[in-house]
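Please consider the following notes on the structure shown below.

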Amino acid sequence: MLKYRKNSVEYGAPIMTNNDWHARSAAETIASLSSTHTGLEPDEATRRLERFGHNRLPVASRDGWLRRFSRQFHNVLIYLLLGAATITALLDHWVDCGVIVSVVFINALIGVIQEGRAERALDAIRNMLSLNATVLRGGRRQEVPAHQLVTGDIVLLASGDKVPADLRLVEVRQLRIEEATLTGESEPVEKGVAAVDPQTVLGERACMAYSGTLVVYGQARGVVVAIGTATEIGHISSLIAGVGVLETPLLRQMTHFGKQLTTTILLLAGLTFAFGVWVHGYNWSDMFFAAVGLAVAAIPEGLPAVLTITLALGVQRMAKRSAIVRRLPAVESLGAVTTICSDKTGTLTKNEMTVQRVITASSIFEVSGIGYAPHGGFAIDGKETDFTEHPDTLDLFRAGLLCNDAALNEGEGHWHIAGDPTEGALIPLALKAGLDAALEHEELPRTDHIPFESEHRFMATLHHDHSGHAFIFVKGAVEQVLAMCNQQRGSGEDVTLDLPYWHAQMAETGARGQRVLALAMKSVEVDQRELRFADVEGGFTLLGMVGISDPPREEAISAVRDCKAAGIRVKMITGDHADTARAIAAQLGIGNGLALTGVELDAMDDEALRQAVRDVDVFARSSPEHKLRLVTAMQANGEVVAMTGDGVNDAPALKRADVGVAMGGKGTEAAKEAAEMVLADDNFASIAAAVEEGRTIYDNLKKSIVFILPTSGGEAAVIVAAILMGLTLPITPVQILWVNMVTAITLSLALAFESSERGVMCRAPQDPRAPLLDHFLLWRIVLVSALMVLGGVGFFLWELGRGASLEEARTVAVNALVMGEIFYLFNCRHLFESSFGVISFTQSRPVVLSIVIVVLLQLLFTYAPLMQHLFGTAAIESAAWWRILLFGGLVFGAVEMEKAGMRRWDRHRISRRSHN
Ligand code: ATP
């Protein structure tokens with residue numbers, strides 16, 4: 001409120017204790033904010049920005065380093081460890097106590113570091129999702145980041161936009177806004193410009209558009225009356241909602257599992273303690289330390305930290321490849337996607353539209369020229385032609401030029417357009433035909449218009465010339481425009497419409513992969529100043545059609561191929577005509593030549609549709625409602641669906657899809673809000689890249705689990721086995737604590753940094769129903785634990801047998817255990833592929849680095865006198881190292897053999913899927 005009052009004073013408005021912009025007229029509001037209908041001057045906007053700050057809600061302040069560090073101790077496991085440390089201290093076992101405290105400390109440190117990293121990753125993503133606003137400044141329309149809006153700015157709103165600040169509406173066109181964020185009411189409300197009573201409640205202030213609400217229909221213009229914390233949403237929540245906490249179903253599953261595991265391990269440790277004391281008559285204090293060592297070894301303390309960092313790093317990698325994840329669970333769904341449904345225009349194609357054909361009732365012109373440059377000519381049957389010979393075409397070019405909201409600009413030597421590329425393509429066409437754009441706009445100014453919407457597939461404009469004539473121009477999809485026409489432009493005069501001719505031309509042009517637009521016009525009474533839908537129902541004269549090429553993106557062609565190899569089916573859902581859609585799909589390698597149209601889809605019941613989506617990959621003339629039915633049908637068939645969308649009406653389909661993908665460039669805010677992922681570059685190839693990264697993240701999560709659980713299990717199993725067999729402990733509790741501490745900061749972290757495996761896009765999608773903690777993992781835990789027991793206990797007994805001291809035997813056992821883990825880490829670098837080969841051993845810097853550190857620490861552990869004193873170790877002979885290495889090789893070989901078996905099984909699964 002304070003800020004608002006400050007603004008009012010600054011701009012000469014009377015001081016108000018209440019926010020009552022809704023009770024003032026639009027003109028009064030603009031005047032009191034010292035603005036104009038054409039917006040602020042850019043200099044003034046800059047001045048206000050400097051003086052009053054940015055249109056931002058403050059970000060929740062972060063806890064300090066110390067507080068975050070202390071938070072890491074808030075965990076039952078840590079309490080237990082600290083309890084154990086206290087008891088060891090009371091018993092004067094200072095080394096054990098020191099190591100336990102170090103374990104706790106190091107885990108907390110890793111926790112803080114990973115939290116910071118994860119937060120930074122999410123912050124970067126949040127910045128990439130920042131909002132833009134269209135404003136008028138100095139009479140010019142421009143896009144600015146929403147945080148640069150200032151009070152007095154004139155903002156333009158269109159359907160799908162998120163309102164960027166609190167606005168007093170100045171002009172509206174059928175504006176409907178969904179204000180659920182503010183009022184909780186999900187039904188969109190109709191807006192107007194008339195002032196309302198000062199006492200009107202928020203939800204009924206029809207002349208206001210509030211920050212954070214969504215425009216679901218229509219267009220409007222409004223003046224900014226409040227920004228940042230002074231907005232209504234700022235009053236409710238003064239903090240920005242983040243991208244979300246780092247949590248996914250898998251992580252939740254792991255946390256739950258972790259709790260169960262901890263209980264089980266503590267029970268097991270208790271049982272082992274009891275067994276040792278009562279059955280084998282061990283000293284109870286020795287058994288207490290053994291039980292503590294066992295619990296610390298078996299509980300995977302570091303796992304949650306590793307998983308979170310893996311997720312954060314993966315999400316960051318995805319953002320670098322233009323796929324911005326808004327909701328983290330989507331990362332997992334991405335790895336399981338079996339079908340990607342993509343829009344055509346701009347996602348699979350370049351969205352660089354060039355008119356290549358002009359079809360009139362009497363002639364077909366081929367148009368030359370490249371891109372949006374207004375240079376080129378026209379030819380009929382290969383012979384150049386001059387438009388003075390074809391006066392009947394003039395209105396067609398004029399309609400294209402005037403029924404148009406795009407602008408053509410030249411900059412840095414090349415021509416580009418601002419606005420819709422389909423419309424943009426019509427401007428150079430008119431210029432090539434010799435029209436003067438400025439002159440045409442001056443002679444036939446626009447009085448009103450109906451904007452293009454995918455739902456009605458046409459755009460219409462009303463124009464008045466200066467000599468008492470009025471016209472409506474319309475352009476749009478062929479079916480729509482033909483339905484409005486009863487005659488066509490002939491060489492001399494207008495004649496009856498020849499429908500079969502136009503349908504044949506449509507089919508031929510569409511088959512070339514060109515998007516076809518029809519253009520028409522009609523004269524109306526000069527006193528008509530408004531354009532309504534009833535005005536475009538009939539009575540038009542068809543001027544002709546244009547064929548617009550929009551070539552497929554090269555990278556989309558290869559991405560479609562990659563998806564196929566990865567067992568993912570690509571479907572194209574487009575608003576374009578079936579002929580055009582089929583031709584483009586063929587160029588992209590999508591589908592089998594079959595296409596279904598929206599009308600055909602409407603005629604199907606749900607069961608028929610379920611069957612149809614099994615056979616057909618191309619859906620033409622479809623609207624957002626069709627997308628929703630399609631995704632539902634595919635999901636009913638068991639598919640995991642990623643679906644792209646950009647319009648406000650795509651939101652339900654995006655929400656319904658397993659992974660909703662919105663376009664960052666041409667997508668509306670409504671679509672982005674509904675989506676799990678936003679593509680910064682609107683490119684299909686980025687979806688394929690995101691799937692690849694999604695699979696990689698899932699792999700890395702799995703790799704870390706597959707590494708950490710079995711090695712923890714193995715370490716614990718050595719102690720349990722020794723106690724069960726009534727042996728002297730082959731590894732002392734303090735030694736096991738050391739191993740645990742060393743591997744937690746090195747080997748266990750390494751896999752979070754792995755890049756994609758070579759074959760990641762050559763295998764079947766992850767089965768979403770398969771639990772992560774499956775039989776395979778259980779089996780792996782048993783296998784690795786058995787190998788570790790073999791190494792730990794086996795070496796210990798062997799060394800004792802050949803006359804080594806207890807200290808030497810234990811040192812060899814510990815080193816064997818660590819070596820087994822090092823080699824097993826190489827196994828885990830590739831979950832599926834073979835890990836044999838030099839590349840596999842050297843490629844990953846984090847893995848190599850972590851191994852170097854572990855080896856150095858183990859050498860210290862073995863040879864440094866202080867360490868020998870602290871941990872009861874002893875120097876070992878060099879031959880023992882060879883044996884230890886050999887054991888590492890044995891672990892590696894055994895796990896590789898197991899993996900080979902798994903690969904054979906997976907190949908079988910893929911071939912079964914492709915036969916189905
Ligand atoms: P996709 O779904 O593949 O991205 P799209 O969204 O571009 O396709 P729409 O924009 O719904 O499809 O276009 C459908 C049809 O409407 C087009 O085939 C074209 O005939 C017509 N059309 C497209 N843009 C305009 C426009 N700006 N003005 C008039 N008609 C248009």
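1. T349 is buried, because its relative accessible area is 0%; buried means under 20%, exposed over 50% and partly exposed in between, with a 1.4 Å probe and protein chains only. T349 is found in the loop between strand 9 (339–342) and strand 10 (354–359). Strands (E, at least two residues) and helices (H or I, at least four) are DSSP runs, numbered from the N terminus.

2. This is a predicted model, in which local features need pLDDT of at least 70 and side-chain atom pairs count only at pLDDT 80 or more, while totals for chains, interfaces and linings use all residues. Residues are numbered from 1 along each chain as its sequence is written, and side-chain values use heavy atoms, with hydrogens and water left out.

3. The side chains of T349 and D550 are joined by a polar contact of 2.5 Å. A polar contact is a pair of N or O atoms within 3.5 Å; within protein, one must be able to donate a hydrogen and the other to accept it, and residues adjacent in sequence count only if both atoms are side-chain atoms. Leaving aside neighbours within four places in sequence, T349 is in contact (heavy atoms within 4.5 Å) with K344, D550, P551, P552, R553 and I584.

4. Which residues come nearest to the ligand? Of the 21 residues around the ligand (a heavy atom within 4 Å), they are K344, E423, R515, T574 and D576. Polar side-chain atoms of S454 and of R621 each lie 3.1 Å from an oxygen atom of the ligand. For V516, a backbone N or O atom lies 3.2 Å from a ligand oxygen atom. Taken alone, the ligand exposes 620 Å², of which the protein buries 93%; these areas come from the Shrake-Rupley method with a 1.4 Å probe.

5. Why does the ligand lie between domain 4 (334–349 + 554–690) and domain 5 (354–549)? Both domains give residues to the shell around the ligand, so it lies between them. Domain bounds come from an automatic or database domain assignment. The C-alpha centres of domain 2 and domain 5 lie 75 Å apart.

6. Most residues other than glycine have a negative phi. Q174, in strand 4 (residues 166–178), has a positive phi of about 45° although it is not a glycine. Q174 counts as partly exposed, at 46% relative accessibility. R457 also has a positive phi, near 55°, and is buried, with a relative accessible area of 13%.
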